[in-house]
Amino acid sequence: MAGTSKKNDSENMKVIIGKLIEKADQIIRPVISVFDCFQTRQTNIQKLNKFNVPPLESCAEFLGISLVDKEGNKLFVKSSLVDRIYLGLMALMPAKCGECSDEYTIDHDPEHPPFFSCFRCFKGSHDCERNRELHQTLSTMNTPSGFVWLCDTCHAIVDPIEPRKQRSRLTSTSGNST
């Protein structure tokens, strides 16, 4: 059974990449086609680094990644752009929701954008009841500007180690009075 599930995951991921390639302009297709979510991050980064900056910038724009800030300054050098494209492609792959445990995917250029985006990997949140409730609650509050949402995978990576149990002080109850 586990092999069948892995095969289905692989097929789903190939379909996602195939749909992206179909939607993409000619200049972007080779960039997307070298991405393989089953390869390591380092391998994907090496493959993406072989491209010149113009197709990488076009790919970033296609993925909805801003290339300039409000003043028009470039946000990325090539190495950070490649890393951000890698994260943008990974964000479109299936993931498990940390709230309802369902597997979900975020479509490229969705009609309704996700409520939250992971602060670490940019994966969008699942559209489940718990996330809807959280979004509604935060929308009615004066949410601090430092609010950070982490996807289930990133939360597991950055979650601090459980604190050690407090040592109990042993008190002697033996009546050693001399």
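## Helix α4 and its buried face

Helix α4 spans residues 53–62, and its buried residues are Pro55, Leu56, Cys59, Ala60 and Phe62. Buried here means under 20% relative accessible area, exposed means over 50%, and partly exposed lies in between (1.4 Å probe, protein chains only). Seen down the axis of α4, these buried residues fall within an arc of 160°, so they line one face of the helix. The arc is that of the directions from the helix axis to the C-beta atoms. An α-helix has 3.6 residues a turn, so residues three or four places apart point the same way. After α4 comes glycine 64, with a positive phi near 85°.

## The model and the chain

This is a predicted model, in which local features need pLDDT of at least 70 and side-chain atom pairs count only at pLDDT 80 or more, while totals for chains, interfaces and linings use all residues. Residues are numbered from 1 along each chain as its sequence is written, and side-chain values use heavy atoms, with hydrogens and water left out.

The protein chain has seven helices and two strands. Helices (H or I, at least four residues) and strands (E, at least two) are DSSP runs, numbered from the N terminus. Along the sequence the pattern is α-α-α-α-α-β-β-α-α. The chain has 178 residues, of which 30% count as buried.

## Aromatic pairs

The structure holds three aromatic pairs. Phenylalanine 116 and tryptophan 149 form a stacked one, with 6.0 Å centre to centre and 20° between the planes. This pair links distant parts of the chain, 33 residues apart. Phenylalanine 116 lies in the loop between β2 (103–104) and α6 (129–140), and tryptophan 149 in the loop between α6 and α7 (152–158). Rings of Phe, Tyr and Trp (its six-membered ring) pair if their centres lie within 6.5 Å; planes under 30 degrees apart count as stacked, over 60 as edge-to-face and the rest as tilted.

Phe115, Phe116 and Trp149 form one aromatic cluster.

## Charges over rings

The charged end of arginine 84 sits over the ring of phenylalanine 122, 3.6 Å from its centre. Lysine 123 lies over the face of tyrosine 104, at 5.1 Å from the ring centre. A charge sits over a ring if NZ of Lys or CZ of Arg is within 6 Å of the ring centre and within 35 degrees of the ring normal.

The largest pocket holds about 720 Å³ of space. Its lining has 33 residues, of which Cys121, Lys123, Cys151, Thr153 and Cys154 lie nearest the centre. The elements that give two or more residues to this lining are α1 (2–23), α5 (78–90), β1 (95–96), β2, α6 and α7. Helix α7 gives the most, with five residues. By class, the lining has 20 nonpolar, five polar and eight charged residues. Ala, Val, Leu, Ile, Met, Phe, Trp, Tyr, Cys and Pro count as nonpolar, Asp, Glu, Lys and Arg as charged, and the others, Gly among them, as polar.

The second largest pocket has a volume of about 430 Å³. It is lined by 19 residues; Leu63, Gly64, Arg84, Leu92 and Phe122 lie nearest its centre. Nine are nonpolar, six polar and four charged. A pocket is an open set of points on a 1 Å grid over the protein atoms alone, where a 1.4 Å probe fits, with protein on both sides within 12 Å along at least five of seven lines; lining residues have an atom within 4 Å of a point. Grid points are joined across faces, edges and corners, and a volume is the space filled by probe spheres set on the points.

## Positive phi in a loop

Most residues other than glycine have a negative phi. Aspartate 109 has a positive phi of about 55°. Aspartate 109 lies in the loop between β2 and α6, and counts as exposed at 63% relative accessibility. Phenylalanine 122 has a positive phi of about 75°. The loop between β2 and α6 holds phenylalanine 122, which is partly exposed at 35% relative accessibility.

## Contacts across the sequence

Methionine 90 is in helix α5 and is partly exposed, at 28% relative accessibility. Its C-alpha atom is 9.1 Å from that of phenylalanine 35, 55 residues apart along the chain.

Lysine 96 is in strand β1 and is partly exposed, at 47% relative accessibility. Lysine 96 and histidine 126 are 30 residues apart in sequence and 8.5 Å apart in space, C-alpha to C-alpha.
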